[in-house]
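Biologist: Before we discuss the terms used for this chain, may I see the sequence and the model side by side?

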Amino acid sequence: MILGKKIGAAVLSFALVLSLLVLPAGAAGEIGVTIDGTSVLYDDGYGRPFLDSAGRTQVPFRLTMESFGCAVYWNNETRTAVAEKDGTRVEVPIGAPYLLVDGKRVEMDTTAQIVDTRTYLPIRPVMEAFGAYVTWDNANRLVVIKTGSSLLRVHFLDVGQGDCILIDCGETEVLIDGGNNGAGDEVVSYLTPYIDGKLDYLIATHPDADHVGGLDAVLEAFEVGEVIDSGRKSDTDTYKDYWAAVQAEGCTISYGEDRIIPLSSLAALSILETGNDWEDSNDCSVVAQLTCGNVQVLFTGDMSQQVETKLLPLFGDIDVLKVSHHGSDTASCAEFLSVVKPEYAVISYGLDNAYHHPAGETLQRLFDVGATVYGTGKSGSIVLTTDGWTYSFNTSQALTAADAGV
């Protein structure tokens with residue numbers, strides 16, 4: 001987990017260390033755990049939290065996960081601790097540097113352990129697998145776990161060479177794009193646990209197949225409150241399928257006009273009008289900026305540098321940038337980046353894609369402004385979680401220059 005906020009280099013560096021729950025070896029005092037403000041009551045019978053050799057906080061398996069509301073099991077044959085809650089199943093093999101979330105492998109930088117016959121789990125990756133938000137209160141030596149509607153999450157789905165983003169804010173959900181044609185069923189499956197009743201807003205940034213290809217399946221699977229479209233049409237079969245599904249849905253349709261969409265008392269999504277009269281359909285992309293408390297996330301569709309430059313007066317200092325056009329060489333010009341100054345950037349791209357995204361020069365421009373860059377081609381689906389003050393990602397696998405064009 002990486003913690004971010006524009007609060008000065010020294011404070012940020014300190015926060016990064018705390019968010020990783022890394023403490024000095026041999027630090028004095030016991031470690032406590034709170035879940036939504038309630039302390040977990042450890043004792044010698046259940047075992048007590050401790051720091052492992054990697055400096056990660058290990059907690060007693062059964063008491064911690066039952067306090068979190070999980071059903072827990074032990075598979076003696078595979079030496080695996082299993083916890084289940086609200087349809088999510090997390091399996092943690094003893095001694096293995098990974099866990100399984102609904103069967104999908106997620107890497108860890110430490111391992112679960114058995115100490116004095118008790119099973120201990122690294123708390124951060126296990127709790128994050130259930131969608132919790134984990135931070136460290138250094139003054140009180142507490143692992144602080146938060147859940148519930150007070151948290152906002154942005155899911156950058158791994159849909160290969162395409163874009164698909166879910167904003168989940170309590171009972172309000174916004175989907176931005178839906179990947180290619182073949183991604184529809186996968187997107188629907190991913191969204192199903194998060195949609196509370198209806199999908200409130202669906203944004204089709206522009207008509208290209210790698211953005212609207214899966215949206216017909218989404219429209220068929222969920223009741224959609226409003227579709228926000230760029231207004232740019234296309235004569236491709238993929239676009240026609242998407243547009244037919246919109247018409248069949250019978251929902252409200254708007255066309256990317258300037259507006260602010262309230263998501264909660266703390267969060268809102270601003271739609272920034274770009275116009276649909278650009279020659280290239282990429283430049284007609286609906287651009288949106290999410291504000292949650294003090295945290296700003298900018299979603300750029302596939303807009304090119306010429307649009308970035310023209311719209312420069314609309315932009316300001318942000319925390320997280322969804323890099324346009326899968327990190328191509330047309331994205332994220334130096335002038336634009338000098339204004340938005342992202343601390344983190346996320347690139348949606350498919351591994352070994354034919355376009356050789358992300359481009360090396362684009363990555364370098366992002367590095368030059370100090371951004372840490374994550375990519376779905378390397379990390380799979382990426383989830384940002386925020387409480388409006390701090391924010392974290394579910395990956396620490398940052399892109400490097402070696403990841404260009406792969």
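This is a predicted model: local features need pLDDT of at least 70, side-chain atom pairs count only at pLDDT 80 or more; totals for chains, interfaces and linings use all residues.

Biologist: Which strand forms a hairpin with E22?

Modeller: That strand is E21, with four residues between E21 and E22. Strand E21 (residues 259–262) pairs with E22 in the antiparallel sense over four bridges. Pro 262 faces Ala 268 of E22.

Biologist: Why is strand E22 described as largely enclosed by the rest of the structure?

Modeller: A residue is called buried under 20% relative accessible area. Five of the six residues of E22 (residues 267–272) are buried, so the strand is largely enclosed by the rest of the structure.

Biologist: How do you know that strands E4 and E11 stand at the edges of their sheet?

Modeller: The sheet is open and antiparallel, with four strands in the order E4-E5-E12-E11. Strand E4 (50–51) and strand E11 (113–115) each have a single partner strand, so one side of each is left without a neighbour in the sheet.

Biologist: How do you know that the radius of gyration of the chain agrees with a compact globule?

Modeller: For 406 residues, a compact globule would have a radius of gyration near 22 Å; the chain has 22 Å, so the two agree. Along its principal axes, the C-alpha trace spans about 70 × 45 × 40 Å.

Biologist: What percentage of the residues in the chain is buried?

Modeller: Buried residues account for 57% of the 406. The chain exposes about 16400 Å², of which carbon and sulfur atoms supply 49%.

Biologist: Among contacts between residues at least 6 apart in sequence, what percentage joins residues at least 24 apart?

Modeller: The value is 60%. In secondary structure, the chain contains eleven helices and 29 strands.

Biologist: How many positive and negative side chains does the chain have, and how far apart do the centres of the two sets lie?

Modeller: There are 25 positive and 56 negative side chains, and the centres of the two sets lie 7 Å apart.

Key: Residues are numbered from 1 along each chain as its sequence is written. Side-chain values use heavy atoms; hydrogens and water are left out. Buried means under 20% relative accessible area, exposed over 50%, partly exposed in between (1.4 Å probe, protein chains only). Helices (H or I, at least four residues) and strands (E, at least two) are DSSP runs, numbered from the N terminus. Two strands pair if DSSP finds at least two bridges between them. The radius of gyration is taken over C-alpha atoms; the globule rule is 2.2 Å times the number of residues to the power 0.38. Contact means heavy atoms within 4.5 Å. Accessible areas come from the Shrake-Rupley method with a 1.4 Å probe; for residues, only the protein chains shown count as cover. Lys and Arg count as positive and Asp and Glu as negative; His and the chain ends are not counted. The place of a charge is taken as NZ of Lys, CZ of Arg, CG of Asp or CD of Glu.
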